[in-house]
Amino acid sequence: MPAIDFDIENCLLWHIAETEEELLALVPDSAAVQAREIANPRRRRHFLAGRAALHALIGAHPEIGYTEQGAPVITGSPAHENPATGSPAPGYISVSHAGDYALAGFSPTPIGVDIEQNDRNFSAVAHKYIAPGETCLMRGDYANFQAAVWCCKEALYKLAHIEGLSLADDIVLTGTDPAQRTWQGKYRRPDGTLSPAVPIEVRRLDGYTIAVATV
């Protein structure tokens, strides 16, 4: 199994080394049907690798549906009806893809994961997701900071399952450790208040940045 070992619980990082046909053999028929509806070959492989990673992480093939925001959820659980309630559920899932990797998360509590390639042009959109007050959190290289902030906020967005959140205005990073491996952030709830601080684990691996948010 092409899983990459790294030290964040409830997650599995999958190196996509298989052909599309090999990935199809690793997923249930329902996922294969969904994959055939994806026209772009690269996106199709990413989708299949994400499902294979979820299976390897969970040890089963749960039925997966999608929220109105397009986030994957385990069908039939309270999370499928209202992911933001925090009601007891069989489990929460999150998937992300970038380059040659797929990242899957599975937890009894809400979880959001993100992986990005560090050579992505974050500077072009930095003004859309980095708030002026967050630059004080920067340690060292600005490019690495941009990648970490993007991944942290994407992970929080996926965890929150709230439509219309602005990465710059509604998702706020409030702190980080000196090594920038553990961050904290909050997101704006439907009533306008900010959530309690959510811990976010950040790792860098071979030109990629990974963020995992859990409550």
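Trainee: Which residue in β11 does Q117 stand opposite?
Mentor: Y208 is the residue in β11 that stands opposite Q117. Keep in mind that this is a predicted model.
Trainee: How many bridges join β7 to β11?
Mentor: There are 7 bridges between β7 and β11, and the two strands run antiparallel.
Trainee: What's the strand order in the sheet?
Mentor: The order is β7-β11-β10-β9-β8, an open sheet of 5 strands with antiparallel pairing. β7 (111-117) and β8 are the edge strands, each pairing on one side only. On average, neighbouring strands are turned by 25 degrees against each other, direction ignored.
Trainee: Which strands does α6 lie across?
Mentor: α6 lies across β7, β8, β9, β10 and β11, and runs at about 150 degrees to β7.
Trainee: Switching topic: how many residues are in the largest nonpolar core?
Mentor: That core has 28 residues, and Y129, L173, W183, Y187 and I200 have the most contacts inside it. At least two residues each come from α5 (126-129), α6 (142-160), β8 (171-176), β9 (182-187), β10 (198-205) and β11 (208-214).
Trainee: And which element gives the most to this core?
Mentor: α6 does, with 11 residues.
Trainee: What is Y129 in contact with, leaving aside its neighbours within four places in sequence?
Mentor: Y129 is then in contact with F122, E134, Q146, V149, W150, K153, L167 and A168.
Trainee: What about the second core, which residues does it include?
Mentor: That separate core has 20 residues, among them L48, A53, I64 and A104.

Definitions and conventions:
Residues are numbered from 1 along each chain as its sequence is written. This is a predicted model: local features need pLDDT of at least 70, side-chain atom pairs count only at pLDDT 80 or more; totals for chains, interfaces and linings use all residues. Side-chain values use heavy atoms; hydrogens and water are left out. A nonpolar core is a set of buried Ala, Val, Leu, Ile, Met, Phe, Trp, Tyr and Cys residues joined through side-chain atoms within 4.5 Å. Buried means under 20% relative accessible area, exposed over 50%, partly exposed in between (1.4 Å probe, protein chains only). Helices (H or I, at least four residues) and strands (E, at least two) are DSSP runs, numbered from the N terminus. Contact means heavy atoms within 4.5 Å. Two strands pair if DSSP finds at least two bridges between them. Axes are lines fitted to C-alpha atoms, for helices over the stretch in contact, and angles run from 0 to 180 degrees between N-to-C directions.
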